[in-house]
Amino acid sequence: MPKIQFLIFLTLSFELLKFINPYIMKIILDELTRAGSIDWQKLLWLVVVMFLVGVFGSAYYRWIDIKRFNFLLNLDRYLPNILHQKLLSLSLGYHEKENTGNKIVKIRRGVDRLGKLLDNATWDFFPTAFQTIFTFIFILIIDWPLGLVFGASIPAYLLVTWRMNKIVGPWRDDSQRNYEKSAGIMGQSMINIHTVQSFAQERYEAKTHKNVLDTIFNLENKIWSKILNYNFTRNTILDVGRFLTLGFAVYQTARGVITAGSLVLFFTLSERVYSSVFRLSRIYDTIMDSAPAIKRLDSLMRTETDIKISGAPARHKVLGKIEFQNVSFAYIGEKRVLESVDFTINPGEFVALVGPSGAGKTTIVKLLYRHFDVTGGKILIDGMDLKKLDMRYYRKQLGIVTQDIDIFNDTISANIAYAKPDSKFEDIVRVAKVANAHDFIIKMKNGYDTMVGERGVKLSGGQKQRIGIARAILPNPKILVFDEATSSLDSESELMIQKSLLEIAKNRTIIVIAHRLSTIRRADTIFVFENGKLVERGTHKELTTNDGLYSRLHSLQVAGEVR
Ligand SMILES: Nc1ncnc2c1ncn2[C@@H]1O[C@H](COP(=O)(O)OP(=O)(O)OP(=O)(O)O)[C@@H](O)[C@H]1O
Ligand SMILES: [Mg+2]
């Protein structure tokens with residue numbers, strides 16, 4: 001991939017080349033208007049050189065163009081990928097803050113605008129800027145008073161351009177933010193389409209979107225009206241400058257200060273510069289127009305993940321001991337959801353977390369995965385501080401069935417093998433059987449090759465959960481977490497999974513979160529949470545004989561079942 005500096009250098013050399021022919025033209029004219037006999041041979045040679053320069057110029061330009069294309073195409077290839085990786089590396093905390101549509105538009109528009117900017121810069125801005133500067137120097141050499149008159153109008157022109165962009169800058173920032181917002185609204189309504197249609201809120205969604213689009217329209221309108229107004233001023237400045245310099249040049253020729261050839265050369269060059277300056281300001285406008293999108297992209301690139309590893313990351317083979325030491329936690333900018341939580345889980349133990357909704361059970365798991373860092377206290381894995389572990393290496397040894405199963409728009413077998421894409425088919429079938437999913441899978445039209453649709457729309461809640469369970473146990477994790485993993489299943493399927501669970505529970509630590517207490521009856525230890533505090537612990541037997549929260553929850557459920 002060619003470097004941008006190299007491209008600029010090539011452009012610069014090409015712009016210098018463009019001065020040769022007008023200069024030869026001047027020599028020819030001076031020769032023709034000179035007193036005395038004309039040297040025809042010299043003229044012939046000059047014409048030949050002009051021709052050769054022209055041909056060489058075209059070939060050279062073609063070569064530069066190839067380099068530029070190459071550069072821009074490569075940009076489209078690498079940049080979105082780099083940004084995607086960046087997004088994937090940011091913590092869950094970041095992603096929970098930002099809407100999906102926003103993020104996608106930020107990348108799309110940013111890449112688009114950056115491409116346009118570099119496109120403009122390499123094709124237009126630098127060539128034109130070089131040309132203007134060189135021409136100015138050239139004219140100064142021909143006749144410096146003329147050069148000064150010529151140069152006088154340009155600063156005024158640039159000042160007006162700068163001022164205009166300063167005025168519209170904040171409007172452009174605002175417009176970019178609204179573009180992101182518009183994509184956010186659209187994305188959101190697509191993700192929640194089921195609810196939108198069920199509650200017949202299509203018009204409301206479209207209206208909300210339209211309001212944002214109207215805002216963008218008004219902003220862009222304001223921006224472009226301002227620019228068009230300023231364009232009038234800018235053109236007038238150029239026209240006045242042009243009139244003065246050309247008049248002065250004719251005057252200098254009449255006085256005999258410069259030759260007729262120089263006058264023609266000056267006309268050619270100065271016209272070129274005037275149109276260049278005009279173009280330059282146009283390019284500057286579009287560059288400034290791209291600036292907000294690029295700034296947002298840049299700030300995304302500079303965002304650092306808030307989950308950092310202290311010291312050299314340790315690649316630790318997990319045995320399965322988990323200690324929470326006096327852990328407290330609050331989501332960023334929120335009130336505390338966990339307070340002084342203290343517990344130890346030994347390798348190979350089967351523990352359960354229970355408690356009312358919102359008590360903090362899922363949060364415990366997020367901390368165990370280090371999606372968030374604890375606010376106070378410590379988490380130790382096999383006695384090592386979680387913050388010192390190589391995170392990806394560590395997470396690969398964990399398996400989780402989340403409360404809402406994420407399903408990819410792919411085949412069933414690809415979804416099961418997500419954590420280990422190179423798995424053998426028989427392994428996939430084996431875990432599907434453990435998860436009690438095999439039977440329903442083979443009944444589907446294409447069996448394991450059935451496409452499940454985006455977010456698994458073609459699957460029932462219980463089917464998704466069973467695929468989630470198969471996915472979690474496939475890589476043979478040392479710690480397995482089931483967060484409400486069987487809540488959507490009928491009692492019979494659940495019982496079957498529980499039986500196979502006893503089989504897979506060997507040699508690994510298992511944490512099960514469940515509201516249905518029958519699910520966790522056999523756990524070695526049950527931790528009971530209430531309002532972010534660990535209020536009781538013990539076996540099912542111990543806890544039911546206590547007169548605490550667990551026994552209350554238990555008797556409510558038993559009563560419900562009897563009735
Ligand atoms: N990303 C988040 N940002 C801010 N607050 C959150 C976030 N996730 C959860 N909470 C809050 O933290 C508290 C604990 O939530 P958590 O999901 O851990 O509960 P839970 O015990 O798993 O409940 P449930 O049984 O309903 O799944 C709740 O009050 C919730 O509002
Ligand atoms: Mg939960």
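Pro22, Tyr23, Met25, Lys26, Ile27, Leu29, Asp30 and Thr33 of helix H2 are in contact with Ala260, Gly261, Ser262, Val264, Leu265, Thr268 and Leu269 of helix H9. By class, the residues of this contact divide into 9 nonpolar, 4 polar and 2 charged. The model is predicted. The points below cover the helix pair, the ligand shell and one residue of another helix.

**Helices H2 and H9**
- Two packed helices are described by the angle between their axes and the distance between the axes.
- Helix H2 spans residues 20-33 and helix H9 spans residues 260-302; their axes come within 7 Å and cross at roughly 150 degrees.
- Angles over 145 degrees count as roughly antiparallel, so H2 is roughly antiparallel to H9.
- The crossing of H2 and H9 is right-handed.

- The residues around ligand 1 are Glu96, Tyr331, Glu334, Val337, Ser357, Gly358, Ala359, Gly360, Lys361, Thr362, Thr363 and Gln403.
- Helix H10 (residues 361-368) gives the largest share of this shell, 3 residues.
- Sorted by class, the shell around ligand 1 holds 3 nonpolar, 6 polar and 3 charged residues.

**Ala121**
- Ala121 is part of helix H5, which runs over residues 100-142.
- Ala121 counts as partly exposed because it has 18 C-beta neighbours inside 10 Å, whereas a buried residue needs 20 or more and an exposed one has 12 or fewer.
- Between Ala121 and Phe138 there is a separation of 17 residues in sequence and 23 Å in space, C-alpha to C-alpha.

Notes:
Residues numbered from 1 in each chain as written. Chains lettered and ligands numbered in written order. Predicted model: local features only at pLDDT ≥ 70, side-chain atom pairs only at ≥ 80, totals over all residues. Near = placed C-beta within 6 Å. Helix = DSSP H or I, 4+ residues; strand = E, 2+ residues; numbered from the N terminus. Nonpolar A, V, L, I, M, F, W, Y, C, P; charged D, E, K, R; others polar. Axes fitted to C-alpha atoms, helices over the stretch in contact; angles between N-to-C directions. Parallel < 35°, antiparallel > 145°, perpendicular 65-115°, else oblique. Left-handed = near helix turned anticlockwise from the far one by under 90°. Contact = placed C-beta atoms within 7 Å.
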